[in-house]
Amino acid sequence: MAGIGFELQRVLRKGGIGSFFKVVLAGSIVVAGPWILTILGIFFIGRYAEVAVGVYRNFFTGAIVYCYAFSLIIFGGTHYIFTRYVADLIYMDRNNEAGSALLSFSLLVTFLAVIIGIIAVRWVDLPEGGNNYIYKVSFILLFVFVNLIWLLMIFISLIKQFMAIFILYLVGMVISFLGVRFFGYLYKTGGALLGYAVGQGFIVISLFVLVSFHYRPHGIEFKDLFRYVLKYKFLLFTGVLYYWGMWADKIVFKVAFGKVVPGSFFQIFDYYDIPVYIANLTIIPGMIYYIIVTEIIFYIKLKEFLKGLHENTYDTIQKKKYDMIKSIRYGLREQAIFQGMFTIVIWLLAKGISVEFFGGHFAVGVFRVVLIGVFFHFMLLTLIIYLFYLEYYIYAFISSLVFFGVNFGFSLVIVFNRSLPMLGYSYLLGGFLASVTALGFLLYSVRYVERDLYARQIS
Amino acid sequence: MSERLRVCLILEGSYPFITGGVSSWVHQLIQRLPEVDFVLYTISPKKDQTLSYELPENVVEHVDLVLSERKKSSYKSLYRKKKIFKEIVEMHKLFMLNTVPSIDNLINMMEPGYYLYYDSVKQREGWNLIVENNVKNNPIYPFSDYFWAWKSTHDMIFSVMGFEAPDADVYHAISTGYAGLAGVVAKIRKGKPLILTEHGLYHKEREIEIRRTNLIRGYQRDMWIKIYNMLSKLTYKYSDLIISLFEYNREKQIELGAPEEKTLVIPNGIDIERFASIKREKREGFHVGLVGRVVPIKDIKTFISTAKIISKEIPESQFYCIGPTDEDPGYFEDCKLLVKSFHLENKFHFTGKQDVRKYYSFLDVLMLTSIREAQPLVLLEGFCSGVPAVATRVGNVPELLDYDDNFLAPSKDPVKLAAGVKYIYDNPETMQGIVARNREKVIRFYDREKVYRKYGDIYQGVARGEGWLE
């Protein structure tokens, strides 16, 4: 991801408010494209196209939320392996193979997503008048598109046409919005979902065309990708557990406290879900800051250190290593301050947000707890990226395991005690303990990183 | 002990894959001792090499350790690893003091199949050893160069230490180096005696090679030389019996730390009957021959230069280079060019591989211009056939030529070699006595049958724990 940071920094150096917004928009798309789309989509459609969605609004939002959540829960882990594989291919200047990898993996994901989608829609039946068949097909299409957008996101950070990418996203969202209105009036809830899916489909196809210009696929190839799965199994497990950790509390609370939407398996628990989605948005500025500032500072020091490993005396290697360690400490401190300040500000504004956007029907207490949880979640994510850079996949895996284990376990405890005031604390505790674990591993192991890198070369 | 004695021959870069003096010696040893079962434990650079010898029936097993194959292994127990590395650190401290350490504890802690390739770097104590030595000895060079040099010097040691030797009653290493280390490891793990036979001096030969090559330079050169010396010292320390082919080498072994009471000289032998039965017949002219492969180590170019000098002084002289020419085609082409440029085409003959007895029947002088030899069998064959010799001062040659300066020359000295030939040409009466004495010496001390029988006795004695009988 460091490549995009350099590019955004270059844009930022041009100065002016235009450059600043360009960086913010491009950064937002890169760090949280589908996520923003989902939240903004639900918000705008809920506000300006509710009539088009029809009477079965919960079926509409349920489909979008579940497609988004389960795309990460089921396939999120594979994104990490895929990113590593593609990054290696591009590093070796094998761009066509990177394009082939995208095509191959997209086909595989599409195939699996269709199967999962078909199974899922067996338990969803839109009541009469909602156009059940259109709804089911649209659900499957949406699940496929969301999954493909995640994969394409890996590539869009490599393509420097950020404005074009932003416009494609925007056009896709407009198509979704208009599609909801147009098809919603024609085919009710099923049509609304179809309209939304069409917009997402536009994003997928246009991004795929854009990516293919740069990374032209020349066939289908799975063998190397499977080899990577075996070689970097801990990277895969990290991804899986990280996303499970991220969703564990939400799923557990939905199942335990949520209301079933009749005729579906959707569980709605707005009391917790809405504060969680809003709180999660606070990660975005921190992530943009990370890719533009923190990651760049670290990456430069890391590169110098790695170069030194081959060219310098042991003393010089040590000096470069400690420079790199300093950049990690500095980065963590800066990120903590940046995210911490942002968290405090939002924490203080929580009541205002509740009144302004939700008419006071918003669990401010839960929101504040989750906000702190998001802070630690963000720190964990930052630490995991450092661990990835240094290829300490096993430590990233253990940290993710802690994240998932604590969040899931403590969520169950909350459920069994029916203690609603504790909502959000499992996520907070999981994020906190996992961050501490990752921090401990990182600061301990980075001291011996040159030894580990040499050991890795001979293993 | 099983009914038939089982001897494990430990071989590095020779029998049964490569032909040459040592391989031929091993092949004959096995053939001459049919009552012994032999197990071959070979150390090879790559796998599936073609056999150059048909293995005799009493070779009952062949185990090949391929050095290029890396096996990943690591103990899970940190405690166990700590113990092993504590031992390794202590061992290195002694190395630094130029003392040969005992490695019994270390080998006993490491099960066969455990290789140190990874842990030696990953384990903190191992890494610290690498770093300390780098900082202490080579602080101004890139660490990476040092690391890879360290790795290439140590990987083969790790391969040998982790490999499980086949079972045997006696282990017999045919050199020091990695074969010697494999013998030491086998002796410790299996609790069986170890015999070492050195045809040359392994560490010296490697040192010469290292100093000649441009691939290894500076501190890396010293690193390799130190390691080879240490491997030899270690093998000497652990061997129950250390055999050399001649006295000079035995003295060198003792100098490097071989306990004198364990050393013994057993020369190479030849088939006396085969060479003593040759009927000598004088041919017209004066015939000088060199029996050997056309390769740089035999220094055929010096032989050609010597021929140039002799041909001026003895116009009727003829020269024969008797041996295979296909091992180093480039060198052979160079030699032919040299012959042409010296205008010796009518006098100098490359015969290719021949039955040497045909040439021993009429040669007036046997020439040996090698830059390195242990105990050259061709001189023994020539002596037994009644041919006098002029040779370079290498290996056991001075002893074989009774340190007579008339027949000895430094390496690459065609003038002195030519003078030796001229001496033989000019003193036929004196030479008659010398030839008879040489022949008698060979018949008495270098009979192949007696030599191999001696090895049979040594195997029996050592296996029974009785030592060996002089």
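**Overall architecture and a helix pair of chain A**

The model is predicted, with local features requiring pLDDT of at least 70 and side-chain atom pairs pLDDT 80 or more, whereas totals for chains, interfaces and linings use all residues. Residues are numbered from 1 along each chain as its sequence is written, and chains are lettered from A and ligands numbered from 1 in the order in which they are written.

The C-alpha trace of chain A spans about 75 × 55 × 45 Å along its principal axes. Chain A is divided into domain 1 (2–231) and domain 2 (277–458), with bounds from an automatic or database domain assignment. The C-alpha centres of these two domains lie 25 Å apart. Of the 459 residues in chain A, 50% are buried (20 or more other C-beta atoms within 10 Å of the residue's own, with C-beta atoms placed from the backbone).

The secondary structure of chain A comprises 16 helices and 2 strands (DSSP runs numbered from the N terminus; helices are H or I of at least four residues, strands E of at least two). Helix 5 (residues 95–121) of chain A packs against helix 6 (residues 132–156) of chain A at an angle of about 150 degrees, with the axes 9 Å apart; axes are lines fitted to C-alpha atoms over the stretch in contact, and angles run from 0 to 180 degrees between N-to-C directions. Helix 5 and helix 6 of chain A are therefore roughly antiparallel (angles over 145 degrees).

Terms used
Buried ≥ 20, exposed ≤ 12 C-beta atoms within 10 Å, placed from the backbone. Parallel < 35°, antiparallel > 145°, perpendicular 65-115°, else oblique.
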